[in-house]
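I opened the model and kept notes as I went. The entries below follow the order in which I looked things up.

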Amino acid sequence: MKRDFVGASAAVTVGRVRNSAMNPFSWKNPYAWPRKPSATVAAAVIAKKWLLEKFGIRVRGHVSQIDGIRPRGEHDWAAVEENPFFWPDASQVAELEAFMDALRKSGDSVGARVDVVAEGVPPGWGEPVYGKL
């Protein structure tokens, strides 16, 4: 069945664009979502660098659990930067690769836990917000 879309562009008027669901930057617009995380990631990278240079605050993160798998050995920040899983135990990376390959082939998914560590933060930073929770 052939459909005629002539005049379809006139169906969206200027007044309807103001509707939050049609706004290209609205949280209700599913097509706007890919733009938001990239801006957030860029802001975080800039903030991380600025905090280190200006105040000596180091913010780092690593995956601390994938499904039921947890790091067994020593926590090594150098290992975190060297593997695609951001895993702190380099001896387990091959095991994780095999686990993820099997998971992909089965079409299944699992959850993970990410830990973020901020070192060198002066006492009192964040208290106005987190003290109220």
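**Entry 1: V121**

I started with V121, which is partly exposed at 36% relative accessibility. For the cut-offs, buried means under 20% relative accessible area, exposed means over 50%, and partly exposed lies in between, with a 1.4 Å probe and protein chains only. I placed V121 in the loop between strand 2 and helix 5. Then I checked a C-alpha distance: V121 and V59 are separated by 9.4 Å, at 62 residues apart along the chain.

**Entry 2: Ground rules**

I noted that this is a predicted model, where local features need pLDDT of at least 70, side-chain atom pairs count only at pLDDT 80 or more, and totals for chains, interfaces and linings use all residues. Residues are numbered from 1 along each chain as its sequence is written, and side-chain values use heavy atoms, with hydrogens and water left out.

**Entry 3: Whole chain**

I counted 5 helices and 2 strands in the chain. From the N terminus, the order is α-α-β-α-α-β-α. Helices (H or I, at least four residues) and strands (E, at least two) are DSSP runs, numbered from the N terminus. Of the 133 residues, 18% are buried. I also looked at contact range: among contacts with a separation of 6 or more, 43% come from residues 24 or more positions apart. Contact here means heavy atoms within 4.5 Å.

**Entry 4: Aromatic rings**

How many aromatic pairs does the structure hold? I found 2 aromatic pairs. W50 and F55 form an edge-to-face pair, 5.3 Å centre to centre with 80° between the planes. Rings of Phe, Tyr and Trp (its six-membered ring) pair if their centres lie within 6.5 Å; planes under 30 degrees apart are stacked, over 60 edge-to-face, and the rest tilted. W50 is partly exposed, with a relative accessible area of 47%. F55 is partly exposed too, with a value of 40%.

F55 also pairs edge-to-face with W125, at 5.2 Å centre to centre and 80° between the planes. This pair links distant parts of the chain, 70 residues apart: F55 sits in helix 2 (residues 35-55), and W125 in the loop between strand 2 (112-119) and helix 5 (127-130). W125 has a relative accessible area of 42% and is partly exposed. I logged W50, F55 and W125 as one aromatic cluster.

**Entry 5: Largest pocket**

I put the volume of the largest pocket at about 150 Å³. A pocket is an open set of points on a 1 Å grid over the protein atoms alone, where a 1.4 Å probe fits, with protein on both sides within 12 Å along at least five of seven lines; lining residues have an atom within 4 Å of a point. Grid points are joined across faces, edges and corners, and the volume is the space filled by probe spheres set on the points.

Which element gives the most to the lining? Helix 2 does, with 6 residues. Helix 2 and strand 1 (58-66) each supply at least two lining residues. Among the lining residues I noted V41, K48, L51, R60 and V116. By class, the lining has 7 nonpolar, 1 polar and 2 charged residues. Ala, Val, Leu, Ile, Met, Phe, Trp, Tyr, Cys and Pro count as nonpolar, Asp, Glu, Lys and Arg as charged, and the others, Gly among them, as polar.

Is Q92 buried or exposed? Q92 is buried, at 0% relative accessibility. I found Q92 in the loop between helix 3 (77-82) and helix 4 (93-106). Its side chain makes a polar contact with the side chain of W87 (3.0 Å). A polar contact is a pair of N or O atoms within 3.5 Å; within protein, one must be able to donate a hydrogen and the other to accept it, and residues adjacent in sequence count only if both atoms are side-chain atoms. Leaving aside neighbours within four places in sequence, the contacts of Q92 include I69, P71 and W87.

S64 lies in strand 1 and is buried, at 8% relative accessibility. The side chain of S64 makes a polar contact with the side chain of D115 (3.2 Å).

**Entry 6: Positive phi**

Most residues other than glycine have a negative phi. D67 has a positive phi of about 55° and is not a glycine. D67 is in the loop between strand 1 and helix 3. F86, also not a glycine, has a positive phi of about 55°. F86 is in the loop between helix 3 and helix 4.
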